[in-house]
Amino acid sequence: MAGRVTLVDLGSGACVPCKMMQPVLEAVSARYGGRAAVVFIDIRKEPDAAKAYGIRLIPTQVFFGRDGKEAWRHEGYLDEPGIAAVLDRLLAE
């Protein structure tokens with residue numbers, strides 16, 4: 001992740017708010033194309049990721065700056081304008 005602004009969304013295909021995040025993540029991925037990476041991790045399929053990221057509830061979005069360090073975290077559904085605000089800030093740094 002270092003060298004690129006990254007959003008990691010951790011959730012599950014079975015969770016309603018996580019399902020609501022899917023079109024948002026697709027839109028953000030298309031909007032930020034080569035400028036930021038958007039990654040979805042299904043913690044039911046990859047339970048070790050939940051431990052590694054310290055997930056307490058899903059969905060959780062973890063934003064990383066270009067330096068690879070966590071810059072911001074949000075728990076629950078986050079809409080496209082909310083995600084865009086964080087990514088724009090990180091891309092401007």
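This report covers the aromatic pairs and the disulfide in a predicted model.

**Aromatic pairs**

The structure has two aromatic pairs. One of them joins Tyr 53 and Phe 64. Where do the two residues sit? Tyr 53 belongs to helix H2, which covers residues 47-53. Phe 64 belongs to strand S3, which covers residues 60-64. The pair therefore ties together parts that are 11 residues apart in sequence.

Phe 63 and Trp 72 also pair. Here the ring centres lie 5.6 Å apart. The planes stand at 50 degrees, so this pair is tilted.

**The disulfide**

How many disulfides does the structure hold? There is one. The bond links Cys 15 to Cys 18, with a sulfur-to-sulfur distance of 2.3 Å. Is this disulfide right-handed or left-handed? The torsion about the S-S bond is about 80 degrees, so the disulfide is right-handed.

**Buried or partly exposed**

Residues under 20% relative accessible area count as buried.

| Residue | Relative accessible area | Class |
|---|---|---|
| Phe 63 | 0% | buried |
| Phe 64 | 7% | buried |
| Trp 72 | 32% | partly exposed |
| Cys 15 | 12% | buried |
| Cys 18 | 1% | buried |

In the tilted pair, Phe 63 is buried, whereas Trp 72 is partly exposed. In the disulfide, Cys 15 is buried, and Cys 18 is buried too.

Notes
Residues numbered from 1 in each chain as written. Predicted model: local features only at pLDDT ≥ 70, side-chain atom pairs only at ≥ 80, totals over all residues. Heavy atoms only, no water. Phe/Tyr/Trp six-rings, centres within 6.5 Å; stacked < 30°, edge-to-face > 60°. Helix = DSSP H or I, 4+ residues; strand = E, 2+ residues; numbered from the N terminus. Buried < 20%, exposed > 50% of the residue type's maximum accessible area, 1.4 Å probe, protein only. Disulfide = S-S within 2.5 Å.
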